[in-house]
Amino acid sequence: MKLPQLTIIATVMISLLTTETTAQEPNQPHANQQRKAEKLEKDGNFKEALAIYQKLLTEDDFPQLAIILDHAHNCLRRLNRNPELDALLENAIEKHPGNAALLDKAAQLYTSIPHYGYIIAGEFKRGNHRGGGQYCDSSQRDRIRAIQLYLQALDQWPANRDDTEKASLY
């Protein structure tokens with residue numbers, strides 16, 4: 001008599017646990033993608049990780065965009081694709097102009113990326129270039145863009161966040 005009851009209870013518990021985990025999975029796709037990209041990055045698969053990070057940067061409801069932007073930046077640097085850094089940063093800023101943490105991280109990145117490049121066919125390409133083009137220093141341009149982003153981040157700073165974090169923008 002106890003064996004059938006135990007079987008029923010075990011079956012109910014297993015069904016409840018499986019429905020709970022399957023119900024949580026649709027709420028966690030971004031976190032799963034982030035973990036997958038971080039593993040790929042850790043394993044040295046920077047190109048595949050970058051593709052996932054760029055996809056996550058286009059999502060509207062992802063809470064850790066600043067961290068994702070930093071990881072995407074690291075992937076581009078490791079792939080030696082410095083000319084794409086400006087596009088990565090500006091696309092993220094354009095997509096999420098109200099995200100103070102992302103704006104803060106983008107400003108930090110503008111202060112740390114290479115401040116030189118070449119003007120090729122009227123377009124600035126950051127980093128080294130083989131053959132042709134005019135060398136150009138972008139340190140002042142990057143500094144001004146970082147200040148603009150810091151000011152924009154201050155305007156977008158949520159009222160419910162800690163002011164010590166806000167003070168770090170200064």
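## Contacts across the chain: D60

Contact here means heavy atoms within 4.5 Å. Leaving aside neighbours within four places in sequence, D60 is in contact with K95 and H96. D60 belongs to the loop between helix 3 and helix 4, where helices (H or I, at least four residues) and strands (E, at least two) are DSSP runs numbered from the N terminus. With a relative accessible area of 61%, D60 is exposed; the term means over 50% relative accessible area, while buried means under 20% and partly exposed lies in between (1.4 Å probe, protein chains only). D60 and H96 stand 36 residues apart in sequence, and their C-alpha atoms are 7.7 Å apart in space.

## Basis of the description

The model is predicted: local features need pLDDT of at least 70, side-chain atom pairs count only at pLDDT 80 or more, and totals for chains, interfaces and linings use all residues. Residues are numbered from 1 along each chain as its sequence is written, and side-chain values use heavy atoms, with hydrogens and water left out.

## Helix 5 and its surroundings

Helix 5 comprises residues 85-95, and its buried residues are L85, D86, L88, L89, A92 and I93. Seen down the helix axis, these buried residues fall within an arc of 165°, so they line one face of helix 5. The arc is that of the directions from the helix axis to the C-beta atoms. An α-helix has 3.6 residues a turn, so residues three or four places apart point the same way.

The face of helix 5 turned away from the buried side carries the exposed residues N91 and E94. The cover over the buried residues of helix 5 includes helix 3 (46-57), helix 4 (65-78) and helix 6 (100-112), together with strand 2 (123-126) and helix 7 (139-156).

## Salt bridges around R126

A salt bridge is a side-chain nitrogen of Lys or Arg within 4 Å of a carboxyl oxygen of Asp or Glu. By this rule the count comes to seven salt bridges. One of them joins the side chains of D86 and R126, at 2.8 Å from N to O. D86 lies in helix 5 and R126 in strand 2, so this pair ties together parts that are 40 residues apart in sequence. Both D86 and R126 are buried.

R126 also forms a salt bridge with D142, and here the closest N and O atoms are 2.9 Å apart. Since D142 lies in helix 7 and R126 in strand 2, the pair ties together parts that are 16 residues apart in sequence. D142 is buried, as is R126. Salt bridges that share partners join D86, R126, R141 and D142 into one network.

A further salt bridge brings together the side chains of E123 and K125, at 3.6 Å from N to O. E123 is partly exposed, with a relative accessible area of 45%, and K125 is partly exposed as well, with a value of 32%.

N82 is located in the loop between helix 4 and helix 5. At 10% relative accessibility, N82 counts as buried. Leaving aside neighbours within four places in sequence, N82 is in contact with L76, R77, P114, R126 and G127.

Strand 1 (residues 116-120) and strand 2 pair in the antiparallel sense over four bridges; two strands pair if DSSP finds at least two bridges between them. R126 in strand 2 is the bridge partner of G117. The hairpin of strand 1 and strand 2 has two residues between the strands, and A121 takes a positive phi near 55° there.

## The tyrosine cluster

Rings of Phe, Tyr and Trp (its six-membered ring) pair if their centres lie within 6.5 Å; planes under 30 degrees apart count as stacked, over 60 as edge-to-face and the rest as tilted. By this rule the count comes to two aromatic pairs. Y116 and Y135 form a stacked pair, 6.5 Å centre to centre with 20° between the planes. This pair links distant parts of the chain, with Y116 in strand 1 and Y135 in strand 3 (residues 134-137), 19 residues apart. Y116 counts as partly exposed, at 26% relative accessibility.

The rings of Y118 and Y135 have their centres 5.7 Å apart and their planes at 80°, so this pair is edge-to-face. Y118 lies in strand 1 and Y135 in strand 3, so the pair ties together parts that are 17 residues apart in sequence.
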